[in-house]
Amino acid sequence: MIKVVVLRSDEGKITQKDIVEEPYNEVAKNIAKKALEEWNPENSDFTAIRTKFEVRYKLPINPELYDALQELSLEMFREGNELVVNIPVLTISFDNAWLGDSYLDRRMYIIAPYIDDDEVKQLEDYLIDATKEPKKIQQEGGELALGEEELRRLEEGLEELEEQKPRKSRRRRKKSK
């Protein structure tokens, strides 16, 4: 059975750090239930998102670490003098808010397979940063990002403009011989 790390951060501080030897799915469901009990639906969204987190190790790594990564069948690649390992994580956010164009996660959990203390430290750093202050939502590649509501309003506005535009009739010119 693999070990699972459970971390919780409240407003930029790690408030829970457990490493358990229980099935991952069981741990994830229990933590989600615990977070659900604390969640206030009037003030916050509740999200449980599976994603990947990049853990970086300076090369060379010791053989035991390599064996552990192989045993977990984790995706790995080399980038410069580092080994980058994509680990599956579950983030559970249950106390958050939109503040204008910024988003604040006040309290959240991360659940991941346990590899070593270096991995836990990198997860802790991410979690502290994620819950410390609001994050400004950025558009990718400088492109304008529209939500469904904005897109619908834009389409309605374009339809109105099309209706208002006077149609010009085309006249054919007679060919002179």
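**Close-up views of a predicted chain**

**View 1. Tyrosine 57 and its surroundings.** The side chains of tyrosine 57 and aspartate 116 are joined by a polar contact of 2.9 Å. A polar contact is a pair of N or O atoms within 3.5 Å; within protein, one must be able to donate a hydrogen and the other to accept it, and residues adjacent in sequence count only if both atoms are side-chain atoms. This is a predicted model, in which local features need pLDDT of at least 70, side-chain atom pairs count only at pLDDT 80 or more, and totals for chains, interfaces and linings use all residues. Residues are numbered from 1 along each chain as its sequence is written, and side-chain values use heavy atoms, with hydrogens and water left out. Tyrosine 57 sits in strand β3. Helices (H or I, at least four residues) and strands (E, at least two) are DSSP runs, numbered from the N terminus. The relative accessible area of tyrosine 57 is 4%, so this residue is buried. Buried means under 20% relative accessible area, exposed over 50%, and partly exposed in between (1.4 Å probe, protein chains only). Beyond its neighbours within four places in sequence, tyrosine 57 has contacts that include Leu65, Leu83, Ile115 and Glu119. Contact means heavy atoms within 4.5 Å. Valine 85 lies 28 residues from tyrosine 57 in sequence, with 8.1 Å between their C-alpha atoms.

**View 2. Glutamine 16 in strand β2.** Strand β2 covers residues 13-20 and holds glutamine 16. Glutamine 16 is buried because its relative accessible area is 14%. Its side chain makes a polar contact of 2.7 Å with the side chain of aspartate 18. Another, of 3.5 Å, goes to the side chain of lysine 34. Leaving aside neighbours within four places in sequence, glutamine 16 touches Val6, Leu7, Arg8, Lys34 and Tyr109.

**View 3. The largest nonpolar core.** This core has 21 residues, and Ile87 and Leu123 have the most contacts inside it. β1 (4-10), β3 (47-58), α2 (63-71), β5 (82-99), β6 (102-113) and α3 (117-132) each give two or more residues to this core. A nonpolar core is a set of buried Ala, Val, Leu, Ile, Met, Phe, Trp, Tyr and Cys residues joined through side-chain atoms within 4.5 Å. Leaving aside neighbours within four places in sequence, leucine 123 is in contact with Val5, Leu7, Phe53, Ile87, Val89, Ile110 and Ala112. Another core, of 11 residues, lies apart from the largest one; Val4, Val6, Ala28 and Ile92 are among its members.

**View 4. The whole chain for orientation.** Four helices and seven strands make up the elements of the chain. From the N terminus, their order is β-β-α-β-α-β-β-β-α-β-α. Of the 177 residues, 32% are buried.
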